[in-house]
Amino acid sequence: MTKVTLYIAASLDGYIARTDGGIDWLSILDTEGEDFGYTAFYESIDAIALGSNTYEVGLGFDQWPYPEKKSFVFTQRHLQSEREDVVFVSEPVKQALANIETQGFKNIWLVGGGKLINSFLQHSLIDEYIISTIPTILGGGIQLFPPPAPEEQLELINSKQYPSGLVQSHYRRQIKN
């Protein structure tokens, strides 16, 4: 069975990016000698799931941020890539995830954005949540869980506080009876 983990950073007031998609406020993550568990997490996953806007943000980096991992970009737009590790997906998330599972991928990182996260939430497809809360109040932007988000009961696995003020919380979805 495929496990989907939302691994993401959010502002204290629940935003994952500025209204224009900007993520410059995440510079707190550029702490020398500290990766906040990213390397171990990245090594634990088989593939990436991300929305097209998040994909386009990734294209703006000096290097592709998801090397050596298959990236499934959920979009209704007609996008193309020369990268062999990028696949564009247009079917509904539940069907797409089933197709990804048939390809042998077991641990999926749900990167974002807000609309895709909400689509996964609507179908209870997120198994674990690793949320790094950044001690910044943005006052607006792209919400981590944009409404209407369904109610979801979570169990805390662990949390860790870092000297920068970042707090990382790891939750597991409680299975409904």
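Q: Leaving aside neighbours within four places in sequence, what is threonine 5 in contact with?
A: This is a predicted model, where local features need pLDDT of at least 70, side-chain atom pairs count only at pLDDT 80 or more, and totals for chains, interfaces and linings use all residues. Residues are numbered from 1 along each chain as its sequence is written, and side-chain values use heavy atoms, with hydrogens and water left out. With those neighbours set aside, threonine 5 is in contact with Phe41, Ile108, Trp109, Leu110, Glu128 and Ile130. Contact here means heavy atoms within 4.5 Å.

Q: Where does threonine 5 sit?
A: In strand S1. Strands are DSSP runs of E with at least two residues, helices are runs of H or I with at least four, and both are numbered from the N terminus.

Q: And why does threonine 5 count as buried?
A: Because its relative accessibility is 4%. Buried means under 20% relative accessible area, exposed over 50%, and partly exposed in between, with a 1.4 Å probe and protein chains only.

Q: What about serine 11, buried or exposed?
A: Serine 11 counts as buried, at 2% relative accessibility. Serine 11 is found in strand S1, and beyond its neighbours within four places it is in contact with Trp25, Thr133, Ile134, Thr136 and Leu138.

Q: What does leucine 50 touch, not counting residues up to four places away?
A: Tyr55, Tyr66, Ser71, Phe72, Val73, Phe74, Val111, Gly112 and Leu116.

Q: Let's talk cores. Which residues have the most contacts inside the largest nonpolar core?
A: Phe74, Leu110 and Phe120, in a core of 26 residues. A nonpolar core is a set of buried Ala, Val, Leu, Ile, Met, Phe, Trp, Tyr and Cys residues joined through side-chain atoms within 4.5 Å.

Q: Which elements give two or more residues to this core?
A: Strands S1 (3-11), S3 (47-51), S4 (70-74), S6 (107-112) and S7 (128-134), plus helices H3 (93-102) and H4 (114-122). There's also a second, separate core of 14 residues, which includes Tyr42, Trp64, Tyr66 and Trp109.

Q: Back to phenylalanine 74: which residues is it in contact with, leaving aside those within four places?
A: Its contacts are Ala49, Leu50, Gly51, Ser52, Val89, Glu91, Val93, Ala96, Ile100, Leu116 and Phe120.

Q: Which residues of H4 are buried?
A: Gly114, Leu116, Ile117, Asn118, Phe120 and Leu121. After H4 comes serine 124, whose phi is positive, near 50 degrees.

Q: Zooming out, how many helices and strands does the chain have?
A: Four helices and 10 strands. Along the sequence the pattern reads β-β-α-β-α-β-β-α-β-α-β-β-β-β.

Q: What box do the C-alpha atoms fill?
A: Roughly 45 × 40 × 30 Å, along the principal axes.

Q: How much of the chain is buried?
A: Buried residues make up 44% of the 177 residues. As for contacts with a separation of 6 or more, 66% of them join residues 24 or more positions apart.
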